[in-house]
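Dear colleague,

Please find the structure below, together with its sequence.

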Amino acid sequence: MLYGRDTETAALAARIAAARAGSGSSLVVRGEAGIGKSSLAAAAAEAAEGFTVLRCTGVESEHSWSFAGLQALLLPLAGHLEAIPEHHACVLSRVLGLSAVPDKASPPGDLRFTVGLAALSLLAEAASHRPVLTIVDDAHWLDPDSAAVLLFIAKRLAAESVAMLLLVREGYAPDFPTPGLDEMRLGPLDEAASGALLGERLKGLSYTSRNRILRSAEGNPLALLELPPVESDVRLAADWTAPRSTTSRLKQVFGDRIERLPEATRTLLLLIAADDTADTGLVLDAAAKLGAALTDLAPAEADDLVRYEGGRFTFGHPLIRTAAYQGAPVFRRLEAHRIFADVLESEDHRRPFHLAAAATGPDESVAAALEASAECASTCGGHNVEYAVFERAAEFTPEGPERGRRLLRAAEAAAAGGNGPKAWALCAAIGQSTSDRSVHARATLIAAMVASWNNDVREAYRLYMEAADHYTAAQPEAAGYPLFRAVELAWQAGDFSRAEVAAEHAERLEIAHSPWVRDLAKATAGFNRSCTVSITEAVAALRGLVDIHVGFGASVTPENRAMVAWWQTLIGDIDAAERTAAETVRVARQTGAAGALPRALVLGGMTELERGRWKDAEAMAANAMDLSTELGQPIGLVKARAYILAPIAALRGEEERVRELVEAARADSPPDTAVTIDTAFALLDFSLGRNEEALDRLMNHLDSNAPGDALAYVPVAVEAAVRTGEPERTADAFAWYTEWAEAGGHPHLAAVVERTRGLLAGEAEAGAHFERAAALHKEAEGHPFETARTDLVLGEWLRRARRVNEAKTRLRSAAAVFERLGAEPWAERVRRELRAAGDAGPVEAAPDLADKLTPQELQVVRLAAAGLSNREIGEQLYLSPRTAGYHLYKAYPKLGVASRNELAKLGL
């Protein structure tokens, strides 16, 4: 019976009932040692009748054993591997130790996504036969790779018949952060529940003892069960009234009980605690070397300190293990680990850790053994364990170049596992450990990449230049890459003189990539109104870089594909950018290159915004932001808000929404990237008819040292200037924009130029420009908002020219687009013009079915309409097939269809 936990047991029962009905969830249960987390989970398991119950416990000695927790949890489901996609089964078979791992083989990409999606697929398959309850006790001691995968799964169970409980001890290292997951904090029992539990345990207790135990236990169930009813021991009585934590009191209780045991029994408990994999044969082999045997365990079993069940030793509570280990003298603990290292086979993954625990200072043999263990983690893709073990190997490495090399391996593994803060700290340590310039170069590259993830573009530029300096000294032919990235970062930072510095450095080296660095520097200068490079030359330079990278085909990494998509948007080739961004997303998801996804999704969202599919753009932005949060890359949050969500809100006239998005973007961004963030305010002002404010804001950017990010807003600035009677203020900017559009050679850009020329022209000439713009839009297609803007100004001109019927046609066409997109300020402007033309009738906008769907539903529906199966959709969106089907099921009635075969006919 659980005393005082009615609310908590009811909450767990509701989650189990929901999982039984196909609506899964995860819950993190937090509380101090002994507060009842495991008892609550046991009650949940008892209530889960008909469920497959999977359990695992985080074990401290397995914290450096890659996927140890995942193996314990998922091995009972091995019989379902044949029913999941082959590549998922292959990854899991290796991770769970069911198949051999080839040399240098590892799951590609970020393990949270590759192994996580495979494990989710396995759980979903098992749950399709019987609901599943997973219980992870002592989750804070999970190995980092298992923890990353389980947290990935925990966020994706909504449509699965799976309930997950993660039990975490509070106030205990290591920390176990679980952002985005539901949490339940178990507090102390109230006085009535504490009294009832104590009364069941100890009947006839004196009033003094009862009150002392109640006061000392502070509502902790384990303390109520374990604190001794001692009244005559003055020392204990003083301890119980002293200000101490309940955990400390319990450790003392267990320590005192252990201290009263025979020495051979204490030795056995120390050995079990020192290698808490509870391997019976190992413990007994080590015990024999110390003069102890299995029979010596009897006194501890009689005192309920340890049990022997299923061929394994198990402590009654984790605090007993802590007391058994920490209560032993240091020399005995070192001796225990040395004995284990002697007994274990040389290839056993536990041996290096016992060697390390027995060492008292730097020892190359220990470091080498740990490095071999880290290499083993690397072969199965355990990046988080790999970096931890390499770091530990470096700690035991004597001063010299080997320490720096091992720290570098640790930093590379941390970066591969997506742990930017750890990679950064390791790179900093490398600088103090070696003078090898090639090691410094690789470490600085990693640090630059982390700075870029954090959107610290100036620091990233500095580090890429520093890496180039190191390579120049040690390996000149490798300096091209950091110099190329330095130019890209200089562009983002708005510091174009530094782009030139990088290009000159590359030219001095005369390396193969020097022309690429020079071309990117030329583009940087030209796109920011350099007096030495025209924007025509800049477009040509970027086009050349695009052609080179496209020519490499499938060998281009997802990160570089995303960069190409960005270049294509800069030269106005929206068609190509759309294709490249979509392909980048597909390849990144297929290969697990999750780090490239936020940027690719943002670029895809930008093309959707241009295409007038604003709902799709918002869905991509939301996806990019979720992944950026999961990956710890704030740059994705900034760009999704600044390039997609804020402009859409501005065009819709949502002033408060724009303010929230801009402030959130600023909070995640250094001050020197505020240019792109700020432009949404100008677009908002213009949409709401505040032309003077819009013009002033945009001219501040266009007259700055970094106007490139405001290039696309030049037509807005010109129209605002015309409406305020100050067209001359934008003359230079429009000439620059016109040259860019002509260099790009795309009809949709030429249309915008013609429309803007019409605004600047006299009344007699304006109409011809507007009509040419409309014709060019018809040729270009796929740019509905800009087409509607042209129809609006053309309709206004036609009304002034008294060609009212033609005006109404153009205005109604514009109104339909603005209404469909929800651009209310623009729609109202058209309605006013229609009323002036004598047309007050309602505007029938074509229904936008996408508006009826959530962002997740929309993405699933798009992929289903393209012919992808639920499994393929799941692969693309990091969902299980069942969750993909769940979103489709919810979307069908909203769209008025009954099956996926009808989706393609909707023209979504």
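**Surroundings of Thr267**

Leaving aside residues up to four places away in sequence, Thr267 touches Leu290, Ala292 and Arg332, where contact means heavy atoms within 4.5 Å. This is a predicted model, in which local features need pLDDT of at least 70 and side-chain atom pairs count only at pLDDT 80 or more, while totals for chains, interfaces and linings use all residues. Residues are numbered from 1 along each chain as its sequence is written, and side-chain values use heavy atoms, with hydrogens and water left out.

Thr267 belongs to helix α12 (residues 263-274); helices here are DSSP runs (H or I, at least four residues), numbered from the N terminus. With a relative accessibility of 6%, Thr267 counts as buried (under 20% relative accessible area; exposed is over 50% and partly exposed in between, with a 1.4 Å probe and protein chains only). The C-alpha atoms of Thr267 and Arg333 are separated by 9.7 Å, although the two are 66 residues apart along the chain.

**Packing of α19 and α20**

Helix α19 (residues 383-395) packs against helix α20 (residues 401-416) at an angle of about 165°, with the axes 8 Å apart. Axes are lines fitted to C-alpha atoms over the stretch in contact, and angles run from 0 to 180 degrees between N-to-C directions. The two helices α19 and α20 are therefore roughly antiparallel (over 145 degrees). On the α19 side the contact includes Tyr387 and Phe390, and on the α20 side Leu407 and Ala410. The residues of this contact comprise nine nonpolar, one polar and six charged (Ala, Val, Leu, Ile, Met, Phe, Trp, Tyr, Cys and Pro count as nonpolar, Asp, Glu, Lys and Arg as charged, and the others, Gly among them, as polar).

**Salt bridges**

The count comes to 66 salt bridges, each being a side-chain nitrogen of Lys or Arg within 4 Å of a carboxyl oxygen of Asp or Glu. One of them joins the side chains of Glu371 and Arg405 (2.9 Å, N to O). Glu371 lies in helix α18 (residues 364-379) and Arg405 in helix α20, so the pair ties together parts that are 34 residues apart in sequence. Glu371, at 12% relative accessibility, counts as buried, whereas Arg405, at 26%, counts as partly exposed.

Glu459 forms a salt bridge with Arg462, with the closest N and O atoms 2.7 Å apart. Both Glu459 and Arg462 lie in helix α23 (residues 457-474), three residues apart, about one turn of the helix.

Yours sincerely

Definitions and conventions:
Angles under 35 degrees count as roughly parallel, over 145 as roughly antiparallel, 65 to 115 as roughly perpendicular and the rest as oblique.
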